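Subject: Handover of a structure

Dear colleague,

Please find the structure below, followed by an account of what was found in it. I would be grateful if you would read the two side by side.

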Amino acid sequence: MSETDIIPADFAQGVVGYFDSDPSQPHSRIMIPASFGNLAKSLTVLDTGSPSCILNPVYADQLDVDYRAIGEPYGNYMVRGVRYDGWLCSGIALSIEADRGADLEAPATVFIPELDPSQRWGLPNFIGLTGFLERIRFAVDPFRNLFYFGTESQDS
Amino acid sequence: MAGVVTDIHSHGDAGHDLLSIYQQIKDHALPISAFVEASHAIDWTAKDADELEAAVGMAIQLDLIRLARELSALGEERFPESAQIRKLAKIVAKNQGPIVTRPANPKIGESMRWLNQHGAQYKGMWIALDGDQLLGAEKTGEKLFKQFGNQSDLLITLIPE
């Protein structure tokens, strides 16, 4: 590999354009299309600071598994300054959707808030670290708003 | 809603000490490293399954995922019959199953291009797309989720203001 060939040719298997703003907040965010389990895709925030992925509870009601039955109750999960109770569910299939190349799917731990009647979930879904971002390669091209992602050919 | 990571109890002296440190960290009276240090000072081979479960739960609550992995691995080794330790170990596991790749669905590119071209007309609204076909636009996402949420080929999203 020469000094200029920094990234190996097989680094990524997929690429997708991303949006760089979050509709629910005035901050810049990287939002890529992703899907949880059997659900429709959504623009999802890439959040390397989040220990888990987070799924909109209204969305989660359409999952083909009973997440309350398989999940572990979890209290005081902090999301953007607000504490939520909810469920930590392992093994939920999370897929990043490619525009070119290949989609990538891995089972991950997902936090699903349990809202009380006075609460509304006005946030997007989040892709976090545990079981997901910590297992994949990714790179961002901010000049073209492109998100590259991939894995080893032999999963380690 | 009760569970190990919502309903922390003390179990034995070690559990009591860890719980005290955990509560002080939650009260911002101690740094989070105090929990790691205290946990590493405990001889876990002399502790029971309940103590390990509680320690893993507290570690998860403090986002100490690496410590939670260490403790749950020890728990699985010593108490393989404990379904709760297995469940917690899976929650913090790095590898929860194989990574799968599959050819991209062309609809996602169509949807992203549609959003770039037409999204501005739907600012602040939730929309459902099938490729480049608009299926619906609503002020909230609930109706679209209920109608289309389990159709994995579709994209449902909020358009930025």
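**The sheet of chain B**

B:Trp126 stands opposite B:Leu158 in strand 4 of chain B. The model is a predicted one, in which local features need pLDDT of at least 70 and side-chain atom pairs count only at pLDDT 80 or more, while totals for chains, interfaces and linings use all residues. Residues are numbered from 1 along each chain as its sequence is written, chains are lettered from A and ligands numbered from 1 in the order in which they are written, and side-chain values use heavy atoms, with hydrogens and water left out.

Strand 2 (residues 126-130) of chain B pairs with strand 4 of chain B in the antiparallel sense over 4 bridges. Strands (E, at least two residues) and helices (H or I, at least four) are DSSP runs numbered from the N terminus, and two strands pair if DSSP finds at least two bridges between them. An open sheet of 3 strands in chain B has the order 3-2-4, with antiparallel pairing. Its edge strands are strand 3 (133-138) and strand 4 (155-158) of chain B, each of which pairs on one side only. Helix 6 (residues 106-118) of chain B lies across strand 2, strand 3 and strand 4 of chain B, and runs at about 140 degrees to strand 2 of chain B. Such angles run from 0 to 180 degrees between N-to-C directions, with axes fitted to C-alpha atoms, for helices over the stretch in contact.

**Where the chains meet**

In all, 53 residues of chain B are in contact (heavy atoms within 4.5 Å) with 53 residues of chain A. The area buried between the two chains is about 4500 Å², of which carbon and sulfur atoms give 58%; this is the accessible area (1.4 Å probe) lost on putting the two parts together, summed over both. Across the interface of chain B and chain A, 6 salt bridges are found, each a side-chain nitrogen of Lys or Arg within 4 Å of a carboxyl oxygen of Asp or Glu. B:Glu142 forms a salt bridge with A:Arg120, with the closest N and O atoms 3.5 Å apart.

**Strand 11 of chain A**

In strand 11 (residues 146-150) of chain A, 4 of the 5 residues are buried, that is, under 20% relative accessible area (1.4 Å probe, protein chains only). Strand 11 of chain A pairs in the antiparallel sense with strand 1 (residues 14-17) of chain A over 4 bridges, and A:Val15 stands opposite A:Tyr148.

Yours sincerely

Conventions:
Buried < 20%, exposed > 50% of the residue type's maximum accessible area, 1.4 Å probe, protein only.
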